Amino acid sequence: MALTIDRLRSALCSSATGITGGEGNSVDAAVISYLKSLREELKQELTTCVLCARIGLLNAADQKTARSALFNYGGEGKLEEHLKSFDQTLAATTRFLGGAAMSEEDLVALEAVFPIFASVLLPIEKSTYPNIDRWFRACLSLDSDKMLGGVYHHMIGERRIGQQMDCFANSIVVRENAEVAKSINLGYKKKQTQRQKEKAQKEADQEAPPASAASTKKPFAFSKEKVSVDASTDEKINAVMNALKTLNIDTEKKKVIKHEATPDMESILSVLDGKEGIVCKNLFLKAKKPRKDVEGDSCIWLVSVPHNADVDYKNLTNLLGYPTKGLLRQTKPELLLESMSLLPGHISPFGLLNDPALTVNIVLDKQMVSDPDTQLWFHPLTNEASVCVSAGELLKFIASSGRAAVLIEFGRC
């Protein structure tokens, strides 16, 4: 309901006869005209300030913009100039413009200044006009029955108690602000709660693929006497060659190259640069927790792939049927020594010769062994030598070691 003189008269005076006539002080007509014009021309800005004041805001962005327009309506500092004139007029009064009782002049002035003093001026700014502030509060104190409603008594910067909001924001402004909020949050993905993470993990575990064929145990076809980690380079090479001979593989034609120790991929690639065949890298990994559907799962894996293969541990963990919390990771040298009698930098599938207990599972790159004639380079239990075998011979060797390789497609770096 709009704030009018009639409504002010009804709320602030016990009866029409309770209002004094035009006696006493009067406000400059130019001031009243200016304030009324401001209310008509800047309705949207005033509405913004009123709504912000009702919800307790002091310096919101829209509020600041609206207040700036109001303060400078008609020229820079014009509102301040007219309010000072009004304040000087009230300095000569004791309570109201008409003296001890409210007059028609008070009603006209109050209607004009009400929205400015209630919802635009901050408390510190009101202190600049002490006479208006005194007169304004004296006027509202007459509304003993609260006929103007609680919202009209709410002043900017003051706590509002016991009154619900019963007003609506400007729909155009709300829409514009909504579009701004959408643009700010575009592409933002809300973080999962702990409960959502646990639910997603549970679903992933339930959808884990079945255990691979690597869990199927077969007879170990080689000597169960391990090749000592302290054996010479020639002894280690001979052990690998003898194992290949038992599989009827012609070792006379095998390419065996002795070289300086190559503890990393960079050094072995340098040594084998220009040689025919794929230089392979080998990872020794262990899962944190065993698969529930594989009895006696050791969680230990040897991963043999081309040197440029991209091994994503998280993806590999899921493909092998482990829960995500049981992520595969590189293990300690002590476990490598215990499992295959090898040291870091010497790892290759030939280390399975030293694992008659079948504790180590093996993963191969599917593309690498798709053609049985593809030539592959590995260390023969020592990084001071390299031997070249075909993909078909490698698969035959692994099968004779009592296990089946799991074939997985890896990307390339």
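Leu381 makes contacts with Val227, Lys236, Val240, Leu342, His346, Ser348, Phe350 and Gly351, once residues up to four places away in sequence are set aside, and these contacts, like everything that follows, are read from a predicted model. The residue sits in the loop that runs between strand E7 (375-378) and strand E8 (385-390). Although it belongs to a loop, Leu381 counts as buried, because its relative accessibility is 2%, and the cut-off for that class is under 20%. The C-alpha atom of Leu381 lies 9.7 Å from that of Asn354, a residue 27 places away along the chain.

Across the whole structure, a search finds eight aromatic pairs. Among them is the pair of Phe117 and Phe136, which is classed as tilted because the ring centres are 5.3 Å apart and the planes meet at 50°, an angle that falls between the limits of 30 degrees for stacked and 60 for edge-to-face. This pair links distant parts of the chain, with Phe117 in helix H6 (residues 104-120) and Phe136 in helix H8 (residues 130-141), 19 residues apart. Both partners are buried: Phe117 has a relative accessible area of 0%, and Phe136 has a relative accessibility of 2%.

Phe220 and Phe222, by contrast, form an edge-to-face pair, with 5.8 Å from centre to centre and 85° between the planes.

Technical notes:
Residues are numbered from 1 along each chain as its sequence is written. This is a predicted model: local features need pLDDT of at least 70, side-chain atom pairs count only at pLDDT 80 or more; totals for chains, interfaces and linings use all residues. Side-chain values use heavy atoms; hydrogens and water are left out. Helices (H or I, at least four residues) and strands (E, at least two) are DSSP runs, numbered from the N terminus. Buried means under 20% relative accessible area, exposed over 50%, partly exposed in between (1.4 Å probe, protein chains only). Contact means heavy atoms within 4.5 Å. Rings of Phe, Tyr and Trp (its six-membered ring) pair if their centres lie within 6.5 Å; planes under 30 degrees apart count as stacked, over 60 as edge-to-face and the rest as tilted.
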